[in-house]
Amino acid sequence: PVTADRVTVLTNITNMYQEAGWTHLGLALLHAEQELIAADRNVTEVVMVVTDGASIDDAVPPANALKARGAVIISVGVGDGYYNLAQLQSIASTPIASHLFTFPTFAQLGNHTAVTAVVDSIALLRAERVAHRITERITERVAERAAERVAQRVAKRITERVAQRVA
């Protein structure tokens with residue numbers, strides 16, 4: 001579910017369980033994109049992919065589509081190597097070191113220390129993005145004000161020159 005509440009995220013991850021069947025990461029990422037579009041909130045979008053198996057469909061195009069819209073993807077592999085590490089790396093956001101995690105068991109995934117580390121990394125990413133947006137806005141404002149001042153000076157000089165010619 002789409003939520004920005006840290007406690008809800010931790011609870012949902014802790015209550016996760018392993019289902020038998022095939023792994024469709026591409027389909028899951030398409031579903032995540034639809035959920036994010038439906039939520040339509042102006043927040044940093046983070047998608048956490050948790051899998052114990054290798055995907056039988058191509059997950060890279062939907063992952064790239066999510067990243068293109070500004071979403072951050074965190075890949076989590078669980079288990080004894082049935083997941084495809086290269087596949088998880090190919091869908092994770094960069095830098096990989098802070099967007100790819102592995103756990104030996106689902107029980108360890110439910111360990112709040114490990115999960116909290118993942119959720120905290122999401123919070124850090126969000127803070128970094130907010131800081132970046134603020135910096136961009138400040139830079140834009142400073143540039144706009146500088147341009148206004150230059151325009152005012154030019155207009156003043158033109159007005160003075162026209163006044164001198166008229167006089």
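**Exercise 1. Classify Arg 69 by its accessibility, then find its salt-bridge partner.**

Solution. Arg 69 has 34% relative accessibility, so Arg 69 counts as partly exposed; that class lies between buried (under 20% relative accessible area) and exposed (over 50%), with a 1.4 Å probe and protein chains only. Before going on, note that this is a predicted model, where local features need pLDDT of at least 70, side-chain atom pairs count only at pLDDT 80 or more, and totals for chains, interfaces and linings use all residues. Residues are numbered from 1 along each chain as its sequence is written, and side-chain values use heavy atoms, without hydrogens and water.

Next, apply the salt-bridge rule: a side-chain nitrogen of Lys or Arg within 4 Å of a carboxyl oxygen of Asp or Glu. The partner of Arg 69 is Glu 45, with the closest N and O atoms 2.7 Å apart. This pair links distant parts of the chain, 24 residues apart: Glu 45 is in the loop between helix H2 (25–39) and strand S1 (46–51), and Arg 69 is in the loop between helix H3 (60–68) and strand S2 (72–78). Helices (H or I, at least four residues) and strands (E, at least two) are DSSP runs, numbered from the N terminus.

Finally, Glu 45 counts as buried because its relative accessibility is 10%.
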